[in-house]
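User: I have a chain open on screen and want to learn how to read it. Can you take me through it feature by feature?

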Amino acid sequence: MPHPQSKKSIAIIGAGPVGIEAALYAKSAGYQVRILEKGEVAHNVQQWKHVTFFSPFGMNHSQLGEKLLTQQGIPLPGDEEYLSGRAYLERYLLPLANSQFLKPHIITGCEALAVSRRGILKNEHIGDGQRAHFPFRILTRDRQGREKIYESDYLIDASGSYGNPNWLGDGGIPAPGELANRERIQYGLEDIAGSAKSRYAGKTTLLVGDGHSAATSIVALAQLMEENPHTRATWITRGEGETPLLPIPGDPLKERERIVREANRLTAHPNVRRIKNAAVNALEYDERSEKFRVEADTPEGALLLEVDHIIANVGYSPDNDIYRELQVHECYASRAPMKLAAALLGQSSADCLTRPAPDAQVLRNPEPDFYIIGMKSYGKNSNFLLKTGFEQIRDVFRLISGDNALNLYRSEAAAVEE
Ligand SMILES: Cc1cc2nc3c(=O)[nH]c(=O)nc-3n(C[C@H](O)[C@H](O)[C@H](O)COP(=O)(O)OP(=O)(O)OC[C@H]3O[C@@H](n4cnc5c(N)ncnc54)[C@H](O)[C@@H]3O)c2cc1C
């Protein structure tokens with residue numbers, strides 16, 4: 001088991017799958033680790049736990065996690081199983097987070113509001129390794145509103161982007177009326193065919209978006225259409241292709257292939273109206289009728305729609321405000337850290353499964369010892385996979401330790417000691 005040069009502390013923002021796995025790696029490598037989580041463990045996955053993972057469990061867990069749970073006598077799902085978010089949490093991530101190995105290091109209900117360094121400002125020691133001598137300061141707020149500073153030698157931002165959805169208006173800014181009705185619009189993946197069924201059954205829903213989240217929503221709405229034939233959907237997509245989603249030829253991920261195929265087929269459903277090459281121009285909510293009036297721009301001109309609900313599955317963006325006082329070079333298109341974004345450039349339409357892993361160096365920022373990993377590291381690019389997250393974790397600890405061969409994911413090295 002490698003030992004870091006000196007006992008150094010690592011703070012991780014976000015106890016999502018990547019934050020938890022990073023903490024497991026950090027602790028296994030001998031670092032002092034603290035995870036700051038604004039909600040509960042895996043707060044974001046909890047929001048979409050009714051959704052089935054499109055990658056099999058074998059791709060969604062690490063060897064360190066497997067080792068720890070096996071030591072504790074907790075049986076793991078099979079590598080080929082496609083788990084729901086709920087099953088993944090119950091059978092893997094929560095047992096990990098609740099283990100004595102990790103639990104004492106996780107602080108839930110603790111939101112990171114801003115980070116900087118003790119004693120220096122953003123515009124000092126520009127691009128200069130000297131900054132590493134000043135510990136990170138993390139301003140946090142707990143559920144009672146109490147604010148507190150934590151300090152660490154290394155800082156890993158694994159705070160995801162699911163909590164920061166894009167606006168549905170044309171051009172990615174709010175449509176007139178959207179800001180005022182933000183609370184009435186569903187931006188994530190509600191359990192349409194489950195706990196939220198009574199809200200959508202027999203109603204007309206406007207769905208905006210043409211990614212995998214939109215595909216998941218339309219498939220769930222179609223399930224309701226079978227149960228209640230008055231359920232309807234109007235599906236607005238920006239694309240003008242015959243099908244809303246572009247299938248990946250020979251997609252090796254069968255669950256992903258299934259959801260894309262089913263969603264595309266639903267454009268022919270009598271209760272689904274697809275409007276392609278369109279964008280939402282404006283919306284308003286009428287309290288008396290409890291309906292939205294939406295104006296859409298289409299190739300045929302402005303179209304007025306009246307709907308009961310709006311689901312905006314138009315992607316997510318990172319919340320980069322947290323680290324605005326650090327020296328981070330961001331991509332002007334994706335808002336991801338620049339070196340990683342450049343490495344991913346041109347790959348956004350490629351299958352995230354087959355692309356080569358970028359070099360570890362792309363995880364470095366001008367700010368020394370600060371790393372952005374997980375979903376957030378991809379910025380607006382939605383192609384992130386947990387498998388990539390594990391590679392990022394391995395690479396970050398190579399950079400931190402200075403040991404280029406360090407790999408606790410090799411099975412013989414995957415030793416977890418209580
Ligand atoms: C519906 C859906 C299905 C997906 N399916 C797959 C799949 O099948 N296979 C796959 O490989 N990937 C999948 N992904 C992509 C990705 O792997 C997941 O989004 C995964 O949850 C990313 O993990 P993460 O830890 O980076 O971020 P998240 O899971 O988003 O976790 C971030 C955590 O940080 C916390 N946080 C945020 N801000 C702060 C703050 N300021 N202070 C403290 N804590 C904060 C959040 O509460 C959250 O707990 C899917 C994504 C979605 C949305």
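User: Is N277 buried or partly exposed?

Analyst: Count neighbours. A residue is buried with 20 or more other C-beta atoms within 10 Å, exposed with 12 or fewer, and partly exposed in between. N277 has 14 C-beta neighbours inside 10 Å, so N277 counts as partly exposed. Keep in mind that this is a predicted model.

User: Where is N277 found, and what is its phi near?

Analyst: N277 is in the loop between β10 (272–275) and β11. Its phi is near 55 degrees, a positive value in a residue other than glycine.

User: What about A42: buried or exposed?

Analyst: Phi of A42 is also positive, near 55 degrees, and A42 is not a glycine. A42 sits in the loop between β2 and α2 (43–47). Apply the count again. A42 has 23 other C-beta atoms within 10 Å, so A42 is buried.

User: On to sheets. What order do the strands take in the sheet with β11?

Analyst: Start with the general idea. Strands of a sheet pair through backbone hydrogen bonds, either parallel or antiparallel. Here 3 strands make an open sheet, ordered β11-β12-β13, with antiparallel pairing. On average, neighbouring strands are turned by 20 degrees against each other, direction ignored.

User: How many bridges join β11 to β12?

Analyst: There are 7 bridges between β11 and strand β12 (residues 291–298), and the two run antiparallel.

User: In which sense do β1 and β2 pair, parallel or antiparallel?

Analyst: Parallel: β1 and strand β2 (residues 32–36) pair in that sense over 5 bridges. S9 stands opposite Q32 in β2.

User: Why is β1 said to be largely enclosed?

Analyst: Count its buried residues. In strand β1 (residues 9–13), 4 of the 5 residues are buried, so the rest of the structure largely encloses it.

User: Which residues of α7 are buried, and what covers them?

Analyst: An α-helix has 3.6 residues a turn, so residues three or four places apart point the same way. Buried residues of α7 include S217, I218, L221, L224 and M225. Their cover includes α6 (197–200), β8 (204–208), β9 (232–236), α8 (254–265) and β14 (309–312).

User: How many residues of α1 are buried?

Analyst: Of its 12 residues, 11 are buried, so α1 is mostly covered. Among them are V18, I20, E21, L24 and Y25. After α1 comes G30, with a positive phi near 95 degrees.

User: R232 is in β9. Is it buried or exposed?

Analyst: R232 is buried, with 22 other C-beta atoms within 10 Å. Leaving out residues up to four places away in sequence, R232 touches T204 and N271. R232 and T204 are 28 residues apart along the chain, yet their C-alpha atoms are separated by 4.6 Å.

User: Last, the whole chain. What domains does the assignment give?

Analyst: The assignment gives domain 1 (9–162 + 316–413) and domain 2 (170–312). Their centres, taken over C-alpha atoms, are separated by 31 Å. The contact takes 13 residues from domain 1 and 12 residues from domain 2. On the domain 1 side, that contact has 7 nonpolar, 5 polar and 1 charged residues.

How values were computed:
Residues are numbered from 1 along each chain as its sequence is written. This is a predicted model: local features need pLDDT of at least 70, side-chain atom pairs count only at pLDDT 80 or more; totals for chains, interfaces and linings use all residues. Domain bounds come from an automatic or database domain assignment. Two residues are in contact if their C-beta atoms, placed from the backbone, lie within 7 Å. Ala, Val, Leu, Ile, Met, Phe, Trp, Tyr, Cys and Pro count as nonpolar, Asp, Glu, Lys and Arg as charged, and the others, Gly among them, as polar. Two strands pair if DSSP finds at least two bridges between them. Axes are lines fitted to C-alpha atoms, for helices over the stretch in contact, and angles run from 0 to 180 degrees between N-to-C directions.
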